[in-house]
Amino acid sequence: MRWDLLFADLEAQLDAADAQADAHVLADLTRAERATISLADRLRGSIEGGPVGVRLADGSHLTGQVRAVADDWFMLADGNRRHVVPLLAVTVFDGLTPHAVPAPSGTGAGRGLPAMLRALMRDRAVVRVRTLAGEVDGRVGRVGKDHLDVTDTGGGARSGRVVPFAALLCVSES
């Protein structure tokens with residue numbers, strides 16, 4: 001009888017040690033998986049969700065629903081206005097869900113910031129381009145590899161401004 005109790009106690013201790021080891025392994029795997037999640041994945045998890053607050057590098061705020069996400073930019077919709085924001089221009093997000101959604105495979109090509117700005121150029125959308133130095137209103141006249149030209153809607157001869165992507169905080173449709 002004493003042997004039965006001793007073996008039962010040893011078996012219970014082994015089961016407890018196995019459960020504890022499993023819990024440590026699970027925690028390590030969870031941390032490792034979270035380390036692979038990008039900010040773009042978190043933004044994709046918030047598409048069509050509740051409002052997300054964004055603080056830009058100039059201290060200004062935007063609030064709206066996440067509508068589209070690429071590796072280097074996202075689109076925020078605030079009523080009828082849409083804002084294209086480079087991820088590097090954001091200092092703080094409020095309201096992101098804890099969920100993450102990876103990018104669909106095979107969608108990386110052509111989805112960068114230049115492609116999105118070319119779509120605005122093609123649509124001849126009137127935009128407000130926000131930089132750390134201020135704002136420029138007009139239409140996207142040209143999109144290069146690392147810059148865009150904003151042309152005045154009045155169409156004057158020297159009405160264009162060149163904005164490097166590095167200075168870009170937000171492009172909002174007016």
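**Reading a loop and two helices**

Mentor: Let's start with valine 101, which is found in the loop between strand S5 (90–94) and H3. Helices (H or I, at least four residues) and strands (E, at least two) are DSSP runs, numbered from the N terminus. This is a predicted model, where local features need pLDDT of at least 70, side-chain atom pairs count only at pLDDT 80 or more, and totals for chains, interfaces and linings use all residues. Residues are numbered from 1 along each chain as its sequence is written, and side-chain values use heavy atoms, with hydrogens and water left out.

Trainee: Is valine 101 buried, exposed or partly exposed?

Mentor: Buried means under 20% relative accessible area, exposed over 50%, and partly exposed in between (1.4 Å probe, protein chains only). Valine 101 has 37% relative accessibility, so it counts as partly exposed.

Trainee: Which residues does valine 101 touch, beyond those up to four places away in sequence?

Mentor: Contact means heavy atoms within 4.5 Å. On that basis valine 101 touches Asp41, Arg44 and Gly45.

Trainee: And where is arginine 44 found?

Mentor: In helix H2 (residues 39–45). Arginine 44 is buried, with a relative accessible area of 11%. Its side chain makes a polar contact of 2.7 Å with that of aspartate 41; such a contact is a pair of N or O atoms within 3.5 Å, where within protein one must be able to donate a hydrogen and the other to accept it, and residues adjacent in sequence count only if both atoms are side-chain atoms.

Trainee: Which residues of H3 are buried?

Mentor: Leu113, Pro114, Met116, Leu117, Ala119 and Leu120.
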